[in-house]
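Dear colleague,

Please find the structure below, handed over for your records. My notes on what was found in it follow.

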Protein chains: 2
Amino acid sequence: MTAVQAERMGAMCDSARTHVNELLVLLSKSKMLHILYILNCDPKPMRFSEIKKSVDSSSTTVTRRLSELEAHGLVKRTAYPTVPTTVEYTLTKDAVSLAPSLESLFGWVLDRADKQ
Amino acid sequence: MTAVQAERMGAMCDSARTHVNELLVLLSKSKMLHILYILNCDPKPMRFSEIKKSVDSSSTTVTRRLSELEAHGLVKRTAYPTVPTTVEYTLTKDAVSLAPSLESLFGWVLDRADKQ
DNA sequence: CGCACAGGTTACAACATTGTTACAAGAATC
DNA sequence: GATTCTTGTAACAATGTTGTAACCTGTGCG
């Protein structure tokens with residue numbers, strides 16, 4: 001598995017390398033893993049305010065992250081013309097395929113936090 | 001799995017929450033996942049210059065990341081009194097338990113980069 | 001002598017990110 | 001008429017992060 005991945009990385013052309021880098025930069029932004037994780041925890045669509053409360057950041061930052069995720073096709077944004085506005089966010093199919101990795105990562109983080 | 005994790009997060013005390021946050025901030029720093037990944041790719045100790053070349057950052061940043069990882073007990077640093085200095089880095093046992101998650105994450109990233 | 005080597009450290013300037021504040025929309029409620 | 005609600009956006013100051021250039025160790029080599 002590891003060796004196969006290393007080979008893949010070695011054989012990659014420049015554009016693929018760029019994409020890998022882009023994705024890593026995206027995932028490394030503050031609160032990004034957290035947002036993806038909580039969107040994954042519950043299969044039902046989440047509202048902006050729920051996400052904001054859960055990650056504990058300013059709305060500016062949450063907005064930025066969500067739109068970055070949307071731009072990369074990992075999150076789907078649906079706005080309803082209610083008053084006041086209602087907006088829901090869900091993970092796309094692509095992002096759902098990331099879920100097992102995220103769960104595994106968070107499992108490790110939680111285990112490690114327990115031990116401290 | 002997901003529900004269990006959500007429950008664990010909900011039941012966490014403040015100090016555990018702090019630890020989770022700390023770990024997520026640590027893992028979200030630029031090049032951090034990359035460094036952990038390449039340290040994991042090869043089981044043998046890696047030298048500073050190899051790591052630096054692989055992640056393509058300034059030595060300042062690589063040094064910072066490696067010492068942050070060492071401070072969190074994820075990386076072990078061994079310096080040999082040769083001339084010029086030789087320094088080797090290896091993942092600790094704790095970090096090795098993170099490997100499957102990282103491999104899974106990178107697998108997703110590589111798959112996704114392929115499709116672009 | 002003077003430079004090269006590996007693996008850093010330090011100071012500092014340039015750049016990026018974050019939070020804060022103010023504002024918007026438009027119906028409902030006091 | 002003022003205020004509340006949600007989901008943002010824009011401008012800006014404060015803060016954080018990064019790279020660059022200079023420097024360090026101590027031996028070997030020309």
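Asp42(B) is partly exposed, with a relative accessible area of 30%. Its salt-bridge partner is Lys44(B), with the closest N and O atoms 3.2 Å apart; Lys44(B) is likewise partly exposed, at 44% relative accessibility. Please note that the model is a predicted one.

Over all chains, the structure holds 12 salt bridges. In one of them, the side chains of Arg112(B) and Asp94(A) meet at 2.5 Å, N to O. This pair crosses between chains, joining helix α7 (residues 99–115) of chain B to helix α6 (residues 93–96) of chain A. Arg112(B) is buried, at 10% relative accessible area, whereas Asp94(A) is partly exposed at 33%.

A further salt bridge links Glu68(B) and Arg65(B), whose closest N and O atoms are 3.1 Å apart. Both residues belong to helix α5 of chain B and are 3 residues apart, about one turn of the helix. An α-helix has 3.6 residues a turn, so residues three or four places apart point the same way. Arg65(B) is buried, at 10%, while Glu68(B) is partly exposed, at 21%.

Arg8(A), Asp111(B) and Asp114(B) are linked in a network of salt bridges.

With kind regards

Notes. Residues numbered from 1 in each chain as written. Chains lettered and ligands numbered in written order. Predicted model: local features only at pLDDT ≥ 70, side-chain atom pairs only at ≥ 80, totals over all residues. Heavy atoms only, no water. Salt bridge = Lys/Arg side-chain N within 4 Å of Asp/Glu carboxyl O. Helix = DSSP H or I, 4+ residues; strand = E, 2+ residues; numbered from the N terminus. Buried < 20%, exposed > 50% of the residue type's maximum accessible area, 1.4 Å probe, protein only.
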